[in-house]
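Hi,

Here is the structure I promised to pass on.

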Amino acid sequence: MRYKKFPGLVVLLFLSFVFAGCATTLKTSPTYPQVMGRTKTIAVMPPDIHVYQLTAGGVREEMDEWNQQAKEFIQEKLKMHLAERFGIQIKFIEEDWLKTHHRDLWQAHRGLFNAISMSALQHAYFGPDVFATKSKNFDYTFGAELSELAAVCGADALLFLYGFDYEATMGRKIMSFWAAIGGVVLLNPSAMVMGLADGATGDVVWFKTSPLGTEYSFKNKENIGTLIEWLTRNLLKEK
């Protein structure tokens, strides 16, 4: 269990999503068609998921059991929605195998995708910190070092998934009820992002977020199913 205050960046990102309305959540790089044209195998990396319990005072506690349950739900739904498409082989990489044989390599790139995701959400979509160049030309990258991870996974491209969810305690739910009567909305945000990276260059060529301005419970299998269907809906449509 890990206790931390509710991070302000999460609030800012979630609010920017709320005010964005129906704006698209999908971003692709100009090289996406070329990368897909030469991709024969995609490795689905273990989902990096963080589920927190959020108190009335805004203190968060990461719940390891909820993390594991959410990962199992996600893996099940990914295997349902990511069967072989357009002749591309889909490989699911086990987290235990990565931790045993390639721990440092995996942890470094998992952390890098989290950083890429936060930067993309903050600068490539909408809000006060958006960069016009990032929004128009999605050019995030892991760097060429990603090729080492792609090689050990035996894949041409790697699919990463990162998500967080804040589950309200009963005290926070009661507080939210009374706050709503007074016209104040207390957030219990959740978000999930998925990114496809070229194993040769490390460039993120396809990136998508969960539906904007919407809260989902990662403890709910149906909610997870809705999110995974949404995220994978546009993936590998064109090769």
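**What I found**

Of the 239 residues in the protein chain, 50% are buried (under 20% relative accessible area with a 1.4 Å probe, protein chains only; exposed is over 50%, and partly exposed is in between). This is a predicted model, so local features need pLDDT of at least 70 and side-chain atom pairs count only at pLDDT 80 or more, while totals for chains, interfaces and linings use all residues. Residues are numbered from 1 along each chain as its sequence is written, and side-chain values use heavy atoms, with hydrogens and water left out.

The protein chain has nine helices and nine strands (DSSP runs numbered from the N terminus: H or I of at least four residues for helices, E of at least two for strands).

**The aromatic rings**

How many aromatic pairs does a search of the whole structure find? It turns up ten (Phe, Tyr or Trp rings, using the six-membered ring of Trp, with centres within 6.5 Å; planes under 30 degrees apart are stacked, over 60 edge-to-face, the rest tilted). One of them is the stacked pair F113 and F142, 6.2 Å centre to centre with 10 degrees between the planes. F113 lies in helix α5 and F142 in the loop between α6 (132-136) and α7 (146-153), so this pair ties together parts that are 29 residues apart in sequence. Both F113 and F142 are buried. Ring pairs also link W106, F113, F138, Y140, F142, F160 and F207 into a cluster.

Charges sit over rings too (NZ of Lys or CZ of Arg within 6 Å of the ring centre and within 35 degrees of the ring normal). R60 lies over the face of Y52, 4.5 Å from the ring centre, and the charged end of K79 is over the ring of F92, 5.6 Å from its centre.

**A cavity to look at**

The whole structure has two cavities of 30 Å³ or more (on a 1 Å grid over the protein atoms alone, sets of points where a 1.4 Å probe fits but cannot get out; lining residues have an atom within 4 Å of a point).

Which residues line the second largest cavity? They are P46, D48, W106, R110, F113, N114, F160 and L161. Helix α5 (103-123) and strand β7 (157-168) each supply at least two of the lining residues, and α5 gives the most, with four.

Cheers

Note on methods. On a 1 Å grid over the protein atoms alone, a cavity is a set of points where a 1.4 Å probe fits but cannot get out, and a pocket is an open set with protein on both sides within 12 Å along at least five of seven lines; lining residues have an atom within 4 Å of a point. Grid points are joined across faces, edges and corners, and a volume is the space filled by probe spheres set on the points.
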